Amino acid sequence: RPPLQTTAQSDLGDNTMADLVTLSGALGVQTMTEVVKTYDTSATDRMGQDLFKKGRKIPASGEFVAYDEIQSSRKLAPFVAHGSPAPLRPNQTLVPRVVPLIPVRHARTIPWTRLFLDRAGGEMTDNARAVIADTLQDMTLEAVKSREFAAWRALHGSISIDPAQAGQANGPAKGTDVKVAITYAVNTLAKTATWATSSTLILSDEIPRIQAAAIAASGVPIEQMYFNDLVYRNFLKNDEITAYGKNERWAESFLRADVTKPEVLNGVRVADVVARCNAYGYQDDTAANVKWIDNTKVICLPGDGMLPRVLGWSQGKVATPEDLWGPGNAVGIGVSIPSNGLVAYSERVSNPVGVNIYVADFFCPIVLFPKAVTLFTSE
C-alpha cells in the first residue's frame, strides 16, 4: 500500500512557491523605495525641480518649512574721515517666511488575476514581478510630475492647488483633498512689442530691457531664460535672431536646434543669456495637455552659481509601514526623509486577493529671493 501523499503540484506550476517567496521579498518597503529611485529619472519631467535642487537644501519642521528672506543693502557705504565716528546704518531687512510642505500620495490595487493569470505587458505569460515593476514605474512618473508642476508654478510666482478644481481642466488630479496657496513675489515685466511679430527687436531691445529690469529689482543679472514651444517658435523666426544665426560660427546651432533638447541653441549665449525650451507638461483629467510653462511667459533666472541664493528645496518626513508584507504581517511605523523624497510600499489585501501599491512624497520648492526671478510676458 503506497504512503499517503502529503504534497500536491499547484495549478499555477512547479515554481509557484518560489515565485511567491521572491515576490514577498520584492514587495518590502525598503525594496520598493529603492526601485522608485531607479525610476525617478525622466529628464522631461525634471528640469524645473532640478533648478531648485541646485539651490539650498532647507530643513523642514513638521508640516512646514521656515526660512528667512534676506534683503541685502545695495547702497554705498559712507565716506568718513579718520577722526569722525562711524555712522550707524540700517541692518539687513530680514523677512521671516513659513510655507507648507506639499503632500503627494496615491495608491493602486493589482488583483491576483493580473499578477498570476493575465499576460504581462510585452510577454507571453504572466509575470507578477514585471506587472508590479510597471505599475510602480508609472506611479513614480506621476509623482515626479506633481513635483515638476509645483516647481514651475513657484517660478511663475504662486503654487495653487484647490480640491474644488480636482479633475477639471488645468486642475489637480482627482482625489486631491489638500489646499495649497503659496505666493512668491517674483519680478514681473511685460514686452514693449509682441514677440509674435518677427520684426520685434528681441536681441537689441527686449533682452537688454529684461536684463536692466532684473538688475534694478535685485542687483543680480539673468543668465538663463526658459519658455515653452510657442515662444520658442517666435524666438527662432525673429528677424534679429535669424540674422544672428546666419553667422557661420553659430549657423549649425540654429539648424540643429531641437525642441526636445533643453538648450534651444545648443549652449549659444544670445545677448549673454542662454535660451532653454521646455515643451513638456502633463495631461489633466479632461485629457487636455497642459504645459509646464504658460504660453507667452519667459522665466528669467540668474546663472547656476547664484541659484543657492535664489532657490531652495525642502523635503519632509514620510511615514511608511515596516514589514507590512513581512512574516506574520507584523506592522510598525517608519518615519524617514529618503534621499530623493519619494517612498513606496505595498500591502496584501484579501477581499479580493491582491496587492495595494503606494507612492508618497512630501516637499516644497522655495523661491528664497523672489526679486531675482523675472517673469516676462512676451505677447
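Start with D294. This is a predicted model, and in it D294 has a relative accessibility of 27%, so D294 counts as partly exposed. What does D294 pair with in a salt bridge? The partner is R153, with the closest N and O atoms 3.1 Å apart. D294 sits in the loop between β12 and β13, and R153 in helix α5, so the pair ties together parts 141 residues apart in sequence. R153 is buried, at 18% relative accessible area.

Stay with α5. R147 is in that helix too, and D40 is in the loop between α2 and α3. Their side chains form a salt bridge, 3.9 Å from N to O. The two are 107 residues apart. Buried or exposed? Both are buried. They also belong to a network of salt bridges with R46, D50 and D361. The whole structure has 14 salt bridges.

Now helix α2, residues 29–39. V29, M32, T33, V36 and Y39 are buried there. Down the axis of α2, these buried residues fall within an arc of 115°, so they line one face. Why does that spacing work? An α-helix has 3.6 residues a turn, so residues three or four places apart point the same way. Q30 and T38 are exposed, on the face turned away from the buried side.

Last, the surface. W112, L117 and V353 form a nonpolar patch, about 280 Å² of accessible area together. V353 belongs to strand β18. V353 is partly exposed, at 47%.

Methods
Residues numbered from 1 in each chain as written. Predicted model: local features only at pLDDT ≥ 70, side-chain atom pairs only at ≥ 80, totals over all residues. Heavy atoms only, no water. Buried < 20%, exposed > 50% of the residue type's maximum accessible area, 1.4 Å probe, protein only. Helix = DSSP H or I, 4+ residues; strand = E, 2+ residues; numbered from the N terminus. Arc of directions from axis to C-beta. Patch = residues over 30% accessible without salt bridge, like charges linked within 9 Å, V, L, I, M, F, W, Y side chains within 5 Å. Areas by Shrake-Rupley, 256 points an atom, 1.4 Å probe, with all protein chains shown as cover. Salt bridge = Lys/Arg side-chain N within 4 Å of Asp/Glu carboxyl O.
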